Amino acid sequence: MNEAIIPLAIIFGWIILSLIVGILAGIKKKFTLEGYLVSGRALGLVLIYVLMTGEIYSAYAFLGAAGWGYSYGMAIMYSLGYGCLAYSFGYFLAGFVWKLGKKFRYATQADFFNHRYNSRWLAILVALVGIVFSIPYLQLQLQGLSYILHAGSLGYIPIWVGIVVGMVVMITYVYSSGLKGISWVNLLQATLMFLIAWVLLLAIPFKEFGSLSLMFESLPKSHLTLHGSMGIPWYVSTLILCGLGFFMYPQMYPAIYGAKDLKTLKRNYVLLPLFSLFMIPVVLAGLTVAALGVKLATPDEAVLIATKIAYPSWILGVVGAAGFAAASSTASAILLTISGLLSKNIYGIAKPGATDRELTLVSRISVILIGIAAMLLALYAAGRLVGLILLAYAGVTQMFPGVVLGLFWKRMNKWAAGAGIIAGIGTIAYLKFFGPGDYLGIHFGLWGLMINIIVVLIVAFITSSKGERFQEVREAIK
Amino acid sequence: MAKKILHPRILALIIGMGIPWILFVVISPFLNFPEPRILGLPPLMFWNTLGIVLTSLCLFLAYLIEVKGGKIE
């Protein structure tokens, strides 16, 4: 037990600190629905920045990026690229989204569909798609979290304890403090992730090889270029799909609405790419493991193995804390987002007369229920939702025409948006489960988006957009 | 009155979105070689790292243009 005392103390110290900060952020506050879901649209630059970076970079920014670097080498370069593409697109998109949110009091992604297309059914469809693809993602984060805690505590924290403790902590601070709590906790989490990458991980290749050049010399040649099934067509199509699809994730919307003004929001986007530089030390750590010729049964362990090789064992406790940081900052935001969709877009639409107080209460209860559901899924059905996870990114991207054309195209209407989403999701599900996957080497999600857009164009020309609110939206974003 | 060549919103869009997308989607696929090492990195990794910094810079320029053009109050 002795060797594990320091790592365990670090991990539990960090979890308790997160819990205290999260609860304090919302203590003695009576939340309105807007105060709860979008922090009253009052977040300043620091909080909005850490809220978004914490949300965006999950446990798999550590596990997956290093694992891919270890297994495939340069293929992981797509992840350095698409973040930038997403942020540069998001810089412009988020400006419109924020303005509309402020004027028409949106709190979720589905709120936009409900208002712009004047259609409850479309809003419910969008909310359901968001929920269906978010729950497995939430579950996955919980599994990643427990996995890192297990390794970080040198095996002393069993997987199931990690899942239960992680979820209970998140439910507690999300329940008590809403988006405000998440943003304060993420201030801690984003800082820790950043430090771990730049201080601990960056040193690893230098410790093991003396210089980056020497490390790359020792890598197998196949790691130095894109090739095979992860060749140039795959790389370019993945960049495009992920760059456009990124801000279609429903959990990105509350963070955008939460900004206190447009200047703050846009400055945040100017700074977002710089945070993504932290992926570089993570990738280098994974490459180092490959260059050392270590064989891993589970490539996602690469970052942990790299740390084990280069440092004394108690340092793993710090990595365990960072794993909690990375996973909880993402998972808590998803948890709140799903609750918002459930309360505002499903409960609120089913019961139109619901008061603000009632909806706030429904949101909070949803936080607990969704949290417990994700916990049970992670505990008892770990592998069951893999299919949904494979579809998640490509799936949420199918909202793209509905959001973007809805802003700029007069003929765009609810029939076109709805048919496009259904056609797009049908296409990706077919390609992934029955068809050839990345047909012609092009990311299957991009095929879905192309079919989606074609369907949207056809349907938009044969149906009418009467009774929808294009003009109102257009005026608001001028 | 100096003639306006481009509307500030269009100019911001070209710099803030056009340049980063060209850096990654158009140029980076042509750097798929193992050699030479630049600052110890293969060309693609070096370029994408540089691209991250340049993207921030482009968005900063777009921000300045938008603020100056009165697009962000």
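Author: Happy to. In this predicted model, let us begin with helix α4 (residues 59-72) of chain A and helix α15 (residues 302-310) of chain A, whose axes come within 7 Å and cross at roughly 85°. An angle from 65 to 115 degrees counts as roughly perpendicular, so α4(A) and α15(A) are roughly perpendicular to each other. On the α4(A) side, the contact is made by A:Phe62, A:Leu63, A:Ala66, A:Gly67 and A:Tyr70, and they meet A:Ala302, A:Val303 and A:Leu304 of α15(A). Sorted by class, this contact of α4(A) with α15(A) has 7 nonpolar residues, 1 polar residue and no charged ones.

Next comes another pair in chain A. Helix α19 (residues 400-408) of chain A packs against helix α22 (residues 470-477) of chain A at an angle of about 80°, and their axes are 8 Å apart. That angle makes α19(A) roughly perpendicular to α22(A). Here A:Gly406, A:Leu407 and A:Phe408 of α19(A) make the contact with A:Phe470, A:Val473, A:Arg474 and A:Ile477 of α22(A). The residues of this contact of α19(A) with α22(A) divide into 5 nonpolar, 1 polar and 1 charged.

Now for a pair with another geometry. Helix α20 (residues 414-433) of chain A and helix α21 (residues 444-462) of chain A pack at about 150°, with axes 7 Å apart. Angles over 145 degrees count as roughly antiparallel, and α20(A) and α21(A) are therefore roughly antiparallel to each other. Their crossing is right-handed. Among the residues that meet here are A:Trp415, A:Ile421, A:Ile428 and A:Lys432 in α20(A), and A:Phe444, A:Trp447, A:Asn452 and A:Val459 in α21(A). The contact of α20(A) with α21(A) has 14 nonpolar, 6 polar and 1 charged residues.

Helix α14 (residues 279-291) of chain A has 13 residues and reaches 18 Å from its first C-alpha to its last, close to the 18 Å expected at 1.5 Å a residue. This helix, α14(A), is mostly covered, with 13 of its 13 residues buried. Just after α14(A), A:Gly293 takes a positive phi of about 80°. In helix α12 (residues 252-257) of chain A you will find A:Ala255, which is buried, with a relative accessible area of 0%. Leaving aside neighbours within four places in sequence, A:Ala255 is in contact with A:Ile48, A:Leu51, A:Met52 and A:Glu55. The C-alpha atoms of A:Ala255 and A:Leu47 are separated by 9.8 Å, although these residues are 208 residues apart along the chain.

Finally, the loops. A:Thr225 sits in the loop between α10 (212-218) and α11 (232-245) of chain A and is buried, with a relative accessible area of 16%. Not counting residues up to four places away in sequence, A:Thr225 touches A:Met74, B:Asn32, B:Phe33 and B:Pro34. In chain B, the peptide bond from B:Glu35 to B:Pro36 is cis, with omega near -15°, and B:Pro36 lies in the loop between α1 (8-27) and α2 (43-68) of chain B. Back in chain A, A:Asn118 has a positive phi near 50° without being a glycine; A:Asn118 is in the loop between α6 (109-116) and α7 (120-152) of chain A and counts as partly exposed at 37% relative accessibility. A:Leu154, also not a glycine, has a positive phi near 55°. A:Leu154 lies in the loop between α7 and α8 (159-201) of chain A and is partly exposed, with a relative accessible area of 23%.

Methods:
Residues are numbered from 1 along each chain as its sequence is written. Chains are lettered from A and ligands numbered from 1 in the order in which they are written. This is a predicted model: local features need pLDDT of at least 70, side-chain atom pairs count only at pLDDT 80 or more; totals for chains, interfaces and linings use all residues. Side-chain values use heavy atoms; hydrogens and water are left out. Axes are lines fitted to C-alpha atoms, for helices over the stretch in contact, and angles run from 0 to 180 degrees between N-to-C directions. Helices (H or I, at least four residues) and strands (E, at least two) are DSSP runs, numbered from the N terminus. Angles under 35 degrees count as roughly parallel, over 145 as roughly antiparallel, 65 to 115 as roughly perpendicular and the rest as oblique. A crossing is left-handed if the near helix is turned anticlockwise from the far one by less than a right angle, and right-handed if clockwise. Contact means heavy atoms within 4.5 Å. Ala, Val, Leu, Ile, Met, Phe, Trp, Tyr, Cys and Pro count as nonpolar, Asp, Glu, Lys and Arg as charged, and the others, Gly among them, as polar. The expected span of a helix is 1.5 Å times one less than its number of residues. Buried means under 20% relative accessible area, exposed over 50%, partly exposed in between (1.4 Å probe, protein chains only).
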